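Subject: Structure handover

Hello,

Here is the structure we talked about.

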2 protein chains.
Amino acid sequence: MDHPYLMFLGDVADQLAAKTADGIVYWRAEWCVGQVRLDGCAADVRLPDMSIEDGAKLGAKTMVIGVANSGGFLPDHWIESITRALELGMDVASGLHVRLADIEPIRLAAEKHGRSLFDARHPTRTFATGTGVKRTGKRMLAVGTDCSVGKMYTALAVEKEMQARGMKSAFRATGQTGIFIAGDGVSIDAVVADFISGAVEWLSPDVDPDQWDLIEGQGSLFHPAFAGVSLGLLHGAQADALVLCHEPTRQHMRGLPQQPLPDLKECIDLNLATARLTNPNAKFVGVSVNTSHLDEAAAAAYQDKTEQELGLPCVDPHTTGVGRLVDAMD
Amino acid sequence: MDHPYLMFLGDVADQLAAKTADGIVYWRAEWCVGQVRLDGCAADVRLPDMSIEDGAKLGAKTMVIGVANSGGFLPDHWIESITRALELGMDVASGLHVRLADIEPIRLAAEKHGRSLFDARHPTRTFATGTGVKRTGKRMLAVGTDCSVGKMYTALAVEKEMQARGMKSAFRATGQTGIFIAGDGVSIDAVVADFISGAVEWLSPDVDPDQWDLIEGQGSLFHPAFAGVSLGLLHGAQADALVLCHEPTRQHMRGLPQQPLPDLKECIDLNLATARLTNPNAKFVGVSVNTSHLDEAAAAAYQDKTEQELGLPCVDPHTTGVGRLVDAMD
């Protein structure tokens, strides 16, 4: 996907619906020229409001549909905006469940104007099955006790810190928001099951020996729905360094009220035991917690306790930064 | 898929190419009216040779393409046989990689004659994501140290033994040969990664409390390419009883010369640790080995040693039967 991006927010009902757009703007504000909001839009990602025509004049190359309406489909009244962007020479990229090319007027407009349609949730290429053969370069994988506990945020924070230190590094995206932020990647949970680890081997190929690939994790080995994805991703990543991500106030596994969260130590042990299948030298370099639901004192106490119990640095990327994780990745 | 089946062997070059047909005939001979072989066919599944017309007269309801040519595609000169079967009122089912409906003359013939096309490798329905919520009934899952070590064979042998004992049971197929044998099922490695465990929850739903669902496993938690599938399948199965399948002469993981086989104890421990996420009462009831590459004395010695080391019954379904596994499943 080419940037600059023009962020299309449609007329979604709340800010949460613009979570993907929020993430893109947070990590890649310099790629975003403005936001397009239809009448009644309740989301705002704090970019200059503009028309699609203005976005085109400012050089936007891709209009990004970085919102999710309930149901994941594309409302009919958004189609006109999308065909207009195509007509003005932009590609269009979407994070919706529906494929852009499955909507006839959009497909026709893209063909007519010679533009590309990207569906971040839908891998368009096929992959080989994994081999587990050792690749060159170094790899970090963010794993989690659950879904949505900061794996992408952590990997991106590590990338930023490494780049500030002049270390060679690349963020490798495995989910839709990450794919918009990286400009490419593989929506790993949408790959056919046989090819999970193979797709990750493709995503993070042989790189320079001194390069760190910072791979976004997905799900959790302890999530009854998604552990298969997490294990294939772990095996494909061949991580040298693992970071455990956690949200300390989470009461149960996401979406499953009956399913308790795993203990952090148990989660580290199982990730390590399984990671060693494809990298016998895999080790944890730290824990990354999202303490946004704790007050400052409680957050500090939680981090201290975790460090003592696990013997690993415990950071919150948002409040403490991830310098101590990078220190541990020589 | 409706039976009786007419087995189409085409003109494949060797018996190994008819592995699927062999499996179907071995387990469901009573469903098979005959075999159709084209000139030069080197495979023989020991059914009466006949024409497609003869098969139709004998009441065949589905012509099964139970062969794999190299590459997995469908040779052009097979098309005429397939359209003929459709014309004579049969459905056609295939285990090839290519979809029957993607071949224009076959799709058109099926439409014209109102017949169905089945592609065992390609799930045609969508699934919900897994929940891990406990289901009624009892479940056995055959897991393995590697791919192709007898998981399907073991599950089918247990089904046969349970039926001989008058126990309520059902074989649940997760691979193409198993699907032909069961008449339905889900080719689990072809499901989108997000839905692996959800598809298994669908495949083995709530059943009578005294029914055993005997679920075919796939891959291995220790296979770098396929462990994600195996873990999702394990979580979706919520197995009460696990059986470890193994081929004692295997030198390395299938297709990966650099990858050693896991130790049996290690394989049991990891399967058990992960199975407990969705069934805290999961336990191993035995080991099922394929000793066909050992002589009788070596096979017996291997089984004795395994029993002593693991404290579990060790059977070879082909030589000793699986009675001792069923004894352990109260």
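Predicted model: local features only at pLDDT ≥ 70, side-chain atom pairs only at ≥ 80, totals over all residues.

Arg46(A) sits in the loop between β2 (32–37) and α2 (52–57) of chain A. Its phi is positive, about 55°, although Arg46(A) is not a glycine. Most residues other than glycine have a negative phi, and most peptide bonds are trans.

Gln238(A) also deserves a look. Its phi is near 50°, again a positive value in a residue other than glycine.

Now the peptide bonds. His3(A) and Pro4(A) are joined by a cis peptide bond, with omega about 5°. Pro4(A) belongs to the segment before β1 (5–10) of chain A. In chain B, the bond from His3(B) to Pro4(B) is cis, with omega near 5°. Pro4(B) lies in the segment before β1 of chain B.

**The sheet in chain B**

Which strands make up the open sheet, and in what order? There are five, running β2-β1-β3-β4-β5 in chain B, and the pairing is parallel. The edges are β2 (32–37) and β5 (117–119) of chain B. Each has a single partner strand, so one side of each is left without a neighbour in the sheet. Direction ignored, neighbouring strands of this sheet are turned by 20° against each other on average.

One pair in detail: β1 (residues 5–10) and β3 (residues 62–65) of chain B pair in the parallel sense over four bridges. Within that pairing, Phe8(B) has Ile65(B) in β3(B) as its bridge partner. Helix α3 (residues 79–87) of chain B packs on the sheet. This helix touches β1, β2, β3 and β4 (91–94) of chain B, and its direction makes about 140° with that of β4(B).

**A helix pair in chain A**

Take α3 (residues 79–87) and α4 (residues 104–113) of chain A. Their axes come within 9 Å and cross at roughly 10°. Angles under 35 degrees count as roughly parallel, so α3(A) is roughly parallel to α4(A). On the α3(A) side, the contact is made by Ile79(A), Ile82(A), Thr83(A), Leu86(A) and Glu87(A). On the α4(A) side, Pro105(A), Ile106(A), Ala109(A), Ala110(A) and His113(A) make it.

**Core**

The largest nonpolar core has 221 residues. Which residues have the most contacts inside it? They are Met7(A), Leu242(A), Met7(B) and Leu242(B).

**How the copies relate**

Chain B superposes on chain A by a rotation of 180° with 0.0 Å of shift along its axis, at an RMSD of 0.0 Å. The two copies are thus related as by a two-fold rotation axis. Of the interface residues of chain B, 100% are also interface residues in chain A, so the copies meet through the same surface.

Best regards

How values were computed: Residues numbered from 1 in each chain as written. Chains lettered and ligands numbered in written order. Core = buried A, V, L, I, M, F, W, Y, C linked by C-beta atoms within 7 Å. Buried ≥ 20, exposed ≤ 12 C-beta atoms within 10 Å, placed from the backbone. Pairing = 2+ DSSP bridges. Helix = DSSP H or I, 4+ residues; strand = E, 2+ residues; numbered from the N terminus. Axes fitted to C-alpha atoms, helices over the stretch in contact; angles between N-to-C directions. Contact = placed C-beta atoms within 7 Å. Least-squares fit on C-alpha atoms with pLDDT ≥ 70 in both. Parallel < 35°, antiparallel > 145°, perpendicular 65-115°, else oblique.
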